[in-house]
Amino acid sequence: MKLPIFLDNHSTTPMDPRVLETMLPYFVEKFGNAASRNHAFGWAAEEAVEQARKQIAKLIKADPKEIVFTSGATESDNLAIKGVLEMYKEKGDHIITSSTEHRAVLDTVKSLEGKGKAVVTYLPVDKFGMVNPEDVRKAITEKTILISVMLANNEIGTINPVKEIGKIAKEKGILFHCDATQGVGKIPVDVQDMGIDLMSFTSHKMYGPKGVGALYVRKKNPRVRIAAQMDGGGHERGMRSGTLPVPLIVGFGKACELCEQEMAKDTARLIAMRDRLEASIMKALEESYLNGHPTNRLPGNLNISFAYVEGESLLMGMKDIALSSGSACTSATLEPSYVLRALGVGTELAHSSIRFGLGRFNTDDEIDYTIKKVIEIVTKLREMSPLYEMAKEGVDLKSVQWAAH
Amino acid sequence: MAYSDKVVDHFNNPRNMGSFKKDEEGVGTGMVGAPECGDVMKLQIKVENDTIVDAKFKTFGCGSAIASSSLATEWLKGKTIDEAQKIKNTDIVQELNLPPVKIHCSVLAEDAIKAALADYQKKADGALIDAK
């Protein structure tokens, strides 16, 4: 086993070596521009891009023509939301989204709201982080033109009832955008069955290269139109200009193919490792709380709050394991995770949260090591914690008058 | 964010971690911060003849908060009450090489020192009044 261990697979994933192998010829040898229609270099590039488009579309049960390449999920979210708003502004300006969306969605709608271009409803989530489809239905007005709800949350892994939301959107004739960045490649996604009209996802969360993503844009029932946000050569059916990064796209395609072929195997492995990690930690450490849905979440996700210890110090104590925390100290804003707060997790426990993100390349040995380290460091830091001492003495921490600063 | 070697050292080998009994003679206790803010420091001093003979801390917070309070206990030992009053958060920032986002940890440590000294003073004054 090699240190450090990478258990932060929600932030990014290592590239699968098989993906790299597929990409290599497209840097030096087959370097053509896929938009060059008049020579063999261009044709080779175009062929490779179209092959990748097929692989990607197959994974999400779409038509290859419905895939628009972007630089990543952030751009896809921006393009979907701004593109729909601009294209359908005569119909209305109301957008429905949820309070636990990724910043790429939340900041996009907030920016539109701030400029007076959109009216936004932020739906609450239940204590597991799930959007209630009935809340979506109730929020719909005559002016609603877009519903944007994520497939799976990046912090807690909770999977939303996307199919039910898609059904409501269809029924009401409203477009449905889904940020599926964390879900595609990890859980089965079927844009037909789920009633999704636009879907954002990215290559580097599924063992592909960074710098390429896609926006699925439905072509029929209904035919979705979006206003381009980038002017230029009219690539990607006019929706996203810019020369296609052929090697990245080839890698993205291969990554999707591998995810499709190996999903069942990967999922079984990840769930077994994740459940063992969870059970061992929870058994050894009292007052550890699972954040997110107990069962309906991503196979590789585990998010736990360890009462009385602060997240950043936990990370510091496990510096040979790459993890992430909802603690304020790890963010630039000094506010703890808004996702955990939206679930109703207390601020103290949000500060104490650790996200474990397991992926294809993690091993049982790494999980054993992590279990040992987590138990060690939480125990050590609790010994050091005045809050733990007070709790052990029977002091109700909520009754204490704290000098907030 | 990378931590300075000194922060890492205090975090891995905290000095004077622990507690005195609050009602013990000569002990002053300062507790500052709030769990919602992500840091709480408890700093205690034991005073004999106007000199701090021992100090202990317990901290809930990030590595820099733990290091700041650990360092504070080191500095407090052997100082007189007056000397202890003069410890400034900027001294801690400098010693631990804290980045701007972690300055509040040093402020909290200074507050904890002041609170412990005040608590000691209050108890000492009380004892004096009782004696009279």
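A residue is called buried if 20 or more other C-beta atoms lie within 10 Å of its own, exposed if 12 or fewer do, and partly exposed in between, the C-beta atoms being placed from the backbone. The views below come from a predicted model, in which local features need pLDDT of at least 70 and side-chain atom pairs count only at pLDDT 80 or more, while totals for chains, interfaces and linings use all residues. Residues are numbered from 1 along each chain as its sequence is written, and chains are lettered from A and ligands numbered from 1 in the order in which they are written.

**View 1. Helix H1 of chain B and its buried face.** In helix H1 (residues 5-12) of chain B, the buried residues are Val7(B), His10(B) and Phe11(B); helices (H or I, at least four residues) and strands (E, at least two) are DSSP runs, numbered from the N terminus. These buried residues line one face of H1(B), because they fall within an arc of 100° when seen down the helix axis, where the arc is that of the directions from the helix axis to the C-beta atoms. They pack against helix H2 (63-76) and helix H4 (89-96) of chain B, and also against H8 of chain A.

**View 2. The contact between chain A and chain B.** Here 23 residues of chain A are in contact with 24 residues of chain B, two residues being in contact if their C-beta atoms, placed from the backbone, lie within 7 Å. On the side of chain A that touches chain B, at least two residues each are supplied by helix H8 (311-317), helix H10 (347-351) and helix H12 (386-392) of chain A. The residues of that side of chain A comprise 13 nonpolar, six polar and four charged, where Ala, Val, Leu, Ile, Met, Phe, Trp, Tyr, Cys and Pro count as nonpolar, Asp, Glu, Lys and Arg as charged, and the others, Gly among them, as polar.

View 3. Helix H11 (residues 364-384) of chain A has 21 residues, and the distance from its first C-alpha to its last is 30 Å, close to the 30 Å expected at 1.5 Å a residue; the expected span is 1.5 Å times one less than the number of residues. Its buried residues are Glu366(A), Ile367(A), Thr370(A), Val374(A), Ile377(A), Val378(A), Leu381(A), Arg382(A) and Met384(A). They lie on the same side of H11(A), because they cover an arc of only 140° around the axis. The face turned away from this buried side carries the exposed residues Asp364(A), Asp365(A) and Lys372(A).

**View 4. Tyr216(A) in the largest nonpolar core.** The largest nonpolar core has 149 residues, of which Tyr216(A) and Ile249(A) touch the most other members; such a core is a set of buried Ala, Val, Leu, Ile, Met, Phe, Trp, Tyr and Cys residues joined through C-beta atoms within 7 Å. Helix H7 (residues 246-284) of chain A gives the largest share of this core, 13 residues. When residues up to four places away in sequence are not counted, Tyr216(A) touches Ile60(A), Ala62(A), Glu66(A), Ile67(A), Val191(A), Leu198(A) and Met199(A).

View 5. Most residues other than glycine have a negative phi, and most peptide bonds are trans. A cis peptide bond, with omega about -5°, joins Leu3(A) and Pro4(A), and Pro4(A) lies in the segment before strand E1 (5-6) of chain A. Another cis peptide bond, with omega about -5°, joins Asn221(A) and Pro222(A), and Pro222(A) lies in the loop between strand E8 (213-217) and H7 of chain A. Tyr207(A), which is not a glycine, has a positive phi of about 70°; this residue lies in the loop between strand E7 (198-202) and E8 of chain A and is buried, with 27 other C-beta atoms within 10 Å. Glu236(A) has a positive phi near 50°, is placed in the loop between E8 and H7 of chain A, and counts as buried because it has 20 C-beta neighbours inside 10 Å.

**View 6. Asn97(B) in a loop of chain B.** Asn97(B) is placed in the loop between H4 and helix H5 (103-131) of chain B, and this residue is partly exposed, with 13 other C-beta atoms within 10 Å. Apart from neighbours within four places in sequence, Asn97(B) is in contact with Ser4(B) and Lys6(B). The C-alpha atoms of Asn97(B) and Glu74(B), 23 residues apart along the chain, are separated by 17 Å.
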